[in-house]
Amino acid sequence: MPRTTALIVAAGRAVRFGADLPKQYLTLAGETLLGRSARAFLDHPAVDTVRVVRQPDHDDLYRAAVAGLDLAPPIDGGATRQESCRRGLAALADQPPDLVLIHDAARPLVDAATIDRVVAALDRTPGAIAAIPVVDTLKRGSDGTSRGTVDRRDLWQAQTPQGFHYAPLCAAHARAAAEGAEATDDAAVAELAGLTVALVLGSPDNLKITTADDLSRAHRLLAMPTPDAAAASPPAPEVRVGTGFDVHRFGPGAAVWLCGVAVPHDQGLVGHSDADVGLHALTDAILGALAAGDIGQHFPPSDPRWRGCDSAVFLRHAAGMVRARGGRIAHADVTLICERPKIGPHRAAMQTRLAGLLDLSPDRVSVKATTTERLGFTGRGEGIAAQAAATLVIDAAGTG
Ligand code: MG
């Protein structure tokens, strides 16, 4: 891994738009532009060290702006941006990094992906800068009149960070200083020395704060939640699935109760309650999803209150427990397993009855039937079995 130092250039003296402070010390959403810019590089895994180039007589402002940030000592800036950068680079000479990223403190909204792209490009070239293609048509004008249109096809707007291999950039700055060449950014200094500078995509949000409008726009960009942040709140509800199973044997009678519907038959089902296997299996499925025991614990067969009881009481009780937990039943599915009676003619009535008991729309309730191909106790006509599944949705506040 190359050793990488970020230099945050914050040595400007310009006091903009009526404020008393140099703009790098203005506040954006509770943090100075300088502090926010420095933090973007401190938080970036490719950056080892962050140092700020500032004016020595701004030291009080500097200390307040970077309080709590793990920065290496600041470097005294010069009269121009170019001179400040040259001094910043010279201050690194004791322990020279492999790569240096130079960034304007007035671009506080630089994002990690832009920094990634600049660093990655330095594998291939001695210099790489964030930039965005010009999309507006450009006019050359004087006296308020257009004097022609400029071909924008090859034009890019330079941003920062601008990244370089340390040694050749130092040499380029030394040469520019010796020749008295003036440049508005480090890429221009590098170009004067013949270094290749790659253009990598920056971000339209990585704006340079120069006017009060820029500051307002930066506030608006920060106020807008990202899609991820919006999805993160409120917390997602919890989804739970429970299953149930029940069997009752045939005995004397003229009908069987299945899913809350009396189905005429030449036998009945034997049980302590009305022996409705469908309602019992579904009640257990709901209790299972709540991890709240089983139907026998809530309605013991030893309790005479439940003798001959309508099993709808059990299902309603389980549904009430779901509501008490801040949840709702999203779906219920019952499968009845028997050779006889035929379930098909009664299926719609069962679906309607279950939906009514659970206060659900019928399209959330399923009743199915199958045989076991005359195998086993259901195949021999000794009884009826039922299995069920229930899906619950429980608000995060109701869980845990
Ligand atoms: Mg039962």
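I take strands as DSSP runs of E of at least two residues and helices as runs of H or I of at least four, numbered from the N terminus. I count two strands as paired if DSSP finds at least two bridges between them. β8 and β9 form a hairpin with 2 residues between them, and D143 in the turn has a positive phi of about 55 degrees.

**Basis of the entries**

I am working on a predicted model, in which local features need pLDDT of at least 70 and side-chain atom pairs count only at pLDDT 80 or more, while totals for chains, interfaces and linings use all residues. Residues are numbered from 1 along each chain as its sequence is written, and side-chain values use heavy atoms, with hydrogens and water left out.

**Entry: the sheet of 7 strands**

I traced an open sheet of 7 strands in the order β5-β4-β1-β6-β10-β7-β11, with mixed pairing. β5 (75–76) and β11 stand at the edges with a single partner strand each, so one side of each is left without a neighbour in the sheet.

I then examined β1 (residues 4–10). It is joined to β6 by 6 bridges, and the two strands run parallel. In β6, A6 has L101 as its bridge partner, and T5 stands opposite V100. β1 also pairs with strand β4 (residues 49–54) in the parallel sense, over 6 bridges; there V9 stands opposite V53.

For burial I use relative accessible area: buried is under 20%, exposed is over 50%, and partly exposed lies in between (1.4 Å probe, protein chains only). In β1, 7 of the 7 residues are buried, so the strand is largely enclosed by the rest of the structure. T4, A6, I8 and A10 point one way, T5, L7 and V9 the other.

**Entry: R81**

I located R81 in helix α3 (residues 81–90). It is partly exposed, with a relative accessible area of 23%. The C-alpha atoms of R81 and V9 are separated by 7.7 Å, although the two residues are 72 apart along the chain. Leaving aside neighbours within four places in sequence, I listed the contacts of R81 (heavy atoms within 4.5 Å): V9, I102, D104, T160, T184, D185 and D186. Its side chain makes a polar contact with that of D104 at 2.8 Å. A polar contact is a pair of N or O atoms within 3.5 Å; within protein, one must be able to donate a hydrogen and the other to accept it, and residues adjacent in sequence count only if both atoms are side-chain atoms.

**Entry: helix α4**

I noted T114, I115, V118, V119 and A121 as the buried residues of α4 (residues 112–121). Seen down the helix axis, they fall within an arc of 165 degrees, so they line one face; the arc is that of the directions from the axis to the C-beta atoms. Their cover includes α1 (33–42), β6 (99–104), β7 (127–133), β10 (156–165) and β11 (197–201).

**Entry: the magnesium ion**

Which residues coordinate the magnesium ion? I found D246 (OD), H248 (NE2) and H280 (ND1), at 2.2 to 2.4 Å. Their spacing in sequence is D-x1-H-x31-H. D246 in strand β12 (residues 238–251) and H280 in helix α9 (residues 277–289) are 34 residues apart, so to speak a link between distant parts of the chain. D246 and H280 are both buried. Donors are N, O and S atoms within 2.8 Å of the metal (3.2 Å for Na, K and Ca); water is not among the atoms, so sites may look incomplete.

**Entry: the sheet of 5 strands**

I traced a further open sheet, of 5 strands, in the order β15-β12-β18-β16-β17 with mixed pairing. β15 (268–269) and β17 (365–370) stand at the edges, each with a single partner strand, so one side of each is left without a neighbour in the sheet. β16 and β17 run parallel and are joined by 6 bridges; A332 has V365 in β17 as its bridge partner. Helix α9 packs on this sheet, touching β12, β16 and β18 (383–394), and its direction makes about 150 degrees with that of β12. Helix α11 (residues 312–324) lies across β16 and β18, running at about 150 degrees to β16. Axes are lines fitted to C-alpha atoms, for helices over the stretch in contact, and angles run from 0 to 180 degrees between N-to-C directions.

**Entry: T335**

Is T335 buried or exposed? I found T335 buried, with a relative accessible area of 12%. T335 lies in strand β16 (residues 327–337). Its side chain makes a polar contact with the side chain of K368 at 3.0 Å. Leaving aside neighbours within four places in sequence, T335 is in contact with K368, T370, A385, A386 and Q387.
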